[in-house]
Amino acid sequence: MLLLSCSQASPADEDAISSFLNRYFSTWSAKDMTGYSGCFHPKARISFVGASGQMDSQGLTEFIHGQTLGHERSPVPMTEVPTDMKITGDERVAQAAVRWKLTKGRETVTGTDYFTLVKTGEGWKIASLVFYND
């Protein structure tokens with residue numbers, strides 16, 4: 001019989017992952033699409049889940065293009081910050097559930113990002129992101 005358990009990322013990895021995720025949010029908020037894009041593995045998939053369960057999935061190029069247009073077309077600056085992080089995994093693969101708050105002028109939107117991260121020679125990268133708005 002094989003028993004499997006969920007493991008916490010080591011403290012060093014958890015710190016590195018937390019720092020990585022903070023960079024993910026800060027590059028987006030700074031409209032640094034080069035830095036933001038660099039957070040993703042080139043083969044990453046990004047999926048948005050709507051309120052009734054419908055899903056839209058994109059590759060990295062299409063997703064980054066949409067994020068760039070979103071910033072360019074917004075009449076006010078947008079910032080997104082993490083409000084809570086739960087990280088599990090090991091030295092190769094980690095998962096993180098991150099609650100966030102998006103501020104766009106007077107409007108505030110909250111939601112959750114679910115990340116699957118892989119450790120590469122360049123550090124942690126997003127392999128998969130599934131997110132939704134509350």
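Helices here are DSSP runs of H or I with at least four residues, strands are E runs of at least two, and both are numbered from the N terminus. With that settled, hello everyone, and let's start at S29, which lies in helix α1.

A quick word on the model: it is predicted, with local features needing pLDDT of at least 70 and side-chain atom pairs counting only at pLDDT 80 or more, while totals for chains, interfaces and linings use all residues. Residues are numbered from 1 along each chain as its sequence is written, and side-chain values use heavy atoms, leaving out hydrogens and water.

So, is S29 buried or exposed? S29 counts as buried because its relative accessibility is 18%, and buried means under 20% relative accessible area with a 1.4 Å probe, protein chains only. Leaving aside residues up to four places away in sequence, S29 touches M78, T79 and E80; contact means heavy atoms within 4.5 Å.

That takes us to strand β3, residues 78-89, which pairs with β4, residues 93-104, in the antiparallel sense over 11 bridges. Pairing requires that DSSP finds at least two bridges between two strands. The two strands form a hairpin, with three residues between them.

What about the side chains along a strand? In a regular strand they alternate between the two faces of the sheet.

That's my tour, from S29 in helix α1 to the β3 and β4 hairpin.

Terms used. Buried < 20%, exposed > 50% of the residue type's maximum accessible area, 1.4 Å probe, protein only.
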